[in-house]
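Here is a friendly briefing to read alongside the model. Take a look at the sequence and the structure, then work through the topics below.

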Amino acid sequence: MNVTINQKENNYHVILEGRIDTTNADQFQHEIEPLMTAKDANITIDCAAMEYTSSQGLRTFLMLQKSVIAHNGKLELINMQPQVKEIFDITGFSNIITIK
Amino acid sequence: MNRLSRSFSARLSVTVLVLTSILFVGAITTVSYFSHKIIAEEATKNASNVLSATALDIDRTLEKIESSVANVQWVVYEHRDDSTYLYHITQEVVEQNTEIVGNAIAFIPQYFRDRHFFSPYSYKDSAGHVSSKQLGNDAYNYFEMEWYTVAYQSRKPHWSSPYFDEGGGQRLMTTYSIPLMDEQGEVYAILTADIDLYWLNSKINALRPYVNSQALLLTGDGGYVSGTQMELQRIQNIFKASKELDNKRLGVLGEKMTSGDLGTMSIRNDRNLAFAVYGPLSNGWSAAIISPYKDVFVHIGRMNLIIILVSVLGLLLMFVLCFHIVRKVTQPITEFSVAALNMAKGNFHTHVPEVTTQDEMRQLHDSFEYMQKSLNLYISELRETTSTKERYESELTIARNIQMHMVPTDFPVSENVSLYALLQPARQVGGDLYDFVIKGDDVYFAIGDVSGKGVPAALFMAVTRSAFRFLGGLQLTLSELMKRINNSLCDGNTMNMFVTLFAGHINLKTGQMWYCNAGHNPLVLIHADGRPEYMRVASNLAMGVFSGFEYQEDEITLEKGSRLLLYTDGVTEAENIEKAQYGEERLLVFAQSVAAGDTSEQVVDHLMASVKEFTGDAEQNDDITIMTISIPK
């Protein structure tokens, strides 16, 4: 799992690679944390190279979504692979998180 | 020795002893060499002094004889034609010179008309009585004698080789002869003086710088003149003696002496090593003093013996002292070693040896004490950690028991329905759950999976299960049931935990089923004809995410003989060693293999076995829950 965050003013472009599972879910949350405090942030997460997420990873996405709403920002997940999208669909998370 | 070599003090002492011994041997050798050299020089000087004094003494005597004889030649010249007076002259010479025992004036042939031989001769016998006679005749042809021919031909004075006078009582004699010349320079007679060398013996015998010294006086051709060297007294010539005795060094000494050198050399004398000092006399003879080495170096031997004795005693004393001092100094090491062994055996409060010095031993003591304290601290911490861990483990075991009893294990089997479920957590406690509530002909059931694992998931699972158990008994519509459970879970959910839940309500009389999927995996419906399919149902949001979310329910009528196969993602995402997942397709294949006669329990067990067979030795990474509801025909 690898997280790269590029920031330009309020615009955050995040590149997410690999698997988010039990072994690295805490690390993923830790790396994402800066985005949870940003105000009016416009966050785009590129999930092209993301292979899988466990329920703990979903929890982190949920926390991020909630904090973005609280901070009056915007969150978008893009280029998501179908098998990952399916996880978001099944759990209903695609209803509360914008996936393009 | 084995014990000695293992003792540090003994080893150090032996090392010191060996090194000191090497130094001592070096020192003794050096002292010995230089004292030997000094004594040799001293001996040379000593012998040379004695030798030159004696040589001077002998020279003086010989010169006196030479001058006496020289003085006579003028008297002879004046009276050379008075044959009677010539006898008187020889008589006078013999009487007035104690060393001269015979005196002759040997005229050349025909000096006196019709006299072939004419040689007036006077001599002393052993009693000192002087007689005279004419020496030459046919029997004693003095013209062929050495004393005559050499002086005549060389026209110079000549000392003959010493010889034993056979007539006059075995006396060692030598003859000094000088040629007498007229105004024309022609030799007309040879004047001779026979000298008794008895006096030489006493002088030579007095040459004794050392008790066992031997003296030697040689002529110019190596002949023995006098001395105390026994072999030469017998053989009479040094070169002959060298050959006869097979003693080359004696020959070398002879060569050096006869060539008139002054010096020293070592030779073998009477089988002993000896030290020879030699020097020339003015008449072409040479004298030597031969002293045994053991006499010359007698003091050095004794001195060396004393030095060696003192050294050995000193070394022994040093060894004993060194051994005891080092043993005393290293005593704490032995004690530390015992203490360390005690600690290694687990006696962490063993006594640390006392050290009174302020040296490296003190440092060792301090380090040891520090180590002991650290070890004690570490051990007590370890004990605490271990007991804490044991407590946690025991608490987790209890928690697992509690959790396992939270889910029902009494499964209903009736002619209308057969339900069976199995929950296997990946860790001691897990976040999966299943539950069911039966109210008459109504069966409420649920299967769920909390995000994450372990204790947090287990706590959230307990909350979910309690909410379902309580609300399920209220016979609400499914959507209302789900909404209330969700609201209850959202209340105080600061950690953003969530649970995916599939819940259903079957009326056993009608076969109607109302169901709602809150973000859970799709269930498998196995039709009465054995054909399985995934029930793709409207996916609502997982529970605990947003309070007040409106859940949508669906409805279906279950035919007799159909089954529902519910599971958590622990089944479809079970991984083998190659990281391949069990997957939905494999699950569908399994569902096809379910026989119509299998009980719900058999279906669950077979699926669990199928998953285990797939994962093999790989560790179970997620909780696995399987539930089967069969509607008998």
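What pLDDT does chain B average, and what percentage of its residues score at least 70? Chain B averages a pLDDT of 87, and 98% of its residues score at least 70; pLDDT is the predictor's confidence in each residue, from 0 to 100.

This is a predicted model, in which local features need pLDDT of at least 70, side-chain atom pairs count only at pLDDT 80 or more, and totals for chains, interfaces and linings use all residues. Residues are numbered from 1 along each chain as its sequence is written, chains are lettered from A and ligands numbered from 1 in the order in which they are written, and side-chain values use heavy atoms, with hydrogens and water left out.

**Confidence**

- Chain A averages a pLDDT of 91, with 100% of the residues at 70 or above.
- Within chain A, the mean is lowest in H3(A), at 90, and highest in strand S4 (residues 74–78), at 95. Helices (H or I, at least four residues) and strands (E, at least two) are DSSP runs, numbered from the N terminus.
- Within chain B, helix H1 (residues 2–6) has the lowest mean, 53, while strand S22 (residues 563–567) has the highest, 96.
- Where pLDDT is low, the predicted coordinates should not be read in detail.
- For the complex, the predictor gives an ipTM of 0.88 and a pTM of 0.55.

**Where the chains meet**

- The contact (heavy atoms within 4.5 Å) takes 18 residues from chain A and 26 residues from chain B.
- Arg59(A), Lys66(A) and Ile90(A) supply 31% of the area that chain A buries against chain B, more than any other three residues.
- Together the two chains bury about 1,700 Å², 55% of it on carbon and sulfur atoms. Buried area is the accessible area (1.4 Å probe) that two parts lose on being put together, summed over both.

**Salt bridges**

- The whole structure holds 13 salt bridges over all chains, each a side-chain nitrogen of Lys or Arg within 4 Å of a carboxyl oxygen of Asp or Glu.
- One salt bridge is found across the interface of chain A and chain B.
- Glu575(B) pairs with Arg19(A), their closest N and O atoms being 3.3 Å apart.

**Open and enclosed space**

- The largest pocket has about 1,000 Å³ of space. On a 1 Å grid over the protein atoms alone, a pocket is an open set of points with protein on both sides within 12 Å along at least five of seven lines, whereas a cavity is a set where a 1.4 Å probe fits but cannot get out; lining residues have an atom within 4 Å of a point.
- Grid points are joined across faces, edges and corners, and a volume is the space filled by probe spheres set on the points.
- This pocket is lined by 42 residues, and those nearest its centre are Tyr52(A), Asp569(B), Glu573(B), Gln581(B) and Asp622(B).
- H3(A) gives the most to the pocket lining, with four residues.
- The count comes to one cavity of 30 Å³ or more.
- Lining the largest cavity are Ala25(A), Asp26(A), Gln29(A), Gln56(A), Arg59(A) and Thr60(A).
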